[in-house]
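The structure comes first, then the text.

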Amino acid sequence: MSAGHTAVTDALAPCGLPEHPDCGIRDVLDRIGDKWSVLAIVELSSGVRRFRELQRAIHGISQRMLTLTLRRLERDGLVLRTAYPTVPVTVTYELTERGRSLTHLVRQLADWSLAHKDAIAQSRHAWDAANPRQAASA
């Protein structure tokens with residue numbers, strides 16, 4: 001194993017080890033690795049959106065889940081919520097600079113997922129056929 005490889009492995013040591021109790025990565029990855037957060041970031045990467053536009057664009061998300069997701073992203077400084085004093089109130093959402101800095105990574109993940117979804121589905125089908133007793137719990 002090369003010295004460079006070892007250095008990279010050491011830098012990515014898992015959180016929770018006695019000598020490395022909390023690196024903070026889990027908390028961030030919990031947010032940006034969440035299915036709905038990723039989809040919201042993808043949708044907001046194209047610009048300012050209203051709540052209903054986001055809800056229509058993110059298939060399967062409930063109003064409550066979208067509200068929670070946007071609130072969490074806002075709390076983390078990734079999304080800016082702007083309310084306009086109209087009747088009814090108009091609210092828009094957009095990515096902050098920090099949120100925009102994440103979009104190229106999220107786009108890569110989305111592109112990778114799209115490129116490999118069929119192969120992953122085939123692998124799952126083959127695994128389920130070879131492991132019928134375990135497939136029900138997977």
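A crossing is left-handed if the near helix is turned anticlockwise from the far one by less than a right angle, and right-handed if clockwise. This is a predicted model: local features need pLDDT of at least 70, side-chain atom pairs count only at pLDDT 80 or more, and totals for chains, interfaces and linings use all residues. Residues are numbered from 1 along each chain as its sequence is written, and side-chain values use heavy atoms, with hydrogens and water left out.

**The helix pair**

Helix α3 (residues 35–44) passes helix α6 (residues 97–130) in a left-handed crossing. Their axes lie 10 Å apart, at an angle of about 115°. That makes α3 roughly perpendicular to α6 (65 to 115 degrees). Helices are DSSP runs (H or I, at least four residues), numbered from the N terminus. Axes are lines fitted to C-alpha atoms over the stretch in contact, and angles run from 0 to 180 degrees between N-to-C directions.

Val38, Ile41 and Val42 of α3 make the contact with Leu102, Thr103, Val106 and Arg107 of α6 (heavy atoms within 4.5 Å).

**The pockets**

A pocket is an open set of points on a 1 Å grid, where a 1.4 Å probe fits, with protein on both sides within 12 Å along at least five of seven lines; lining residues have an atom within 4 Å of a point. Volume is the space filled by probe spheres set on the points.

| Pocket | Volume | Lining includes |
|---|---|---|
| Largest | about 260 Å³ | Gly33, Val38, Val42, Leu109 |

α3 and α6 each give two or more residues to the lining of the largest pocket.

Terms used: Angles under 35 degrees count as roughly parallel, over 145 as roughly antiparallel, 65 to 115 as roughly perpendicular and the rest as oblique.
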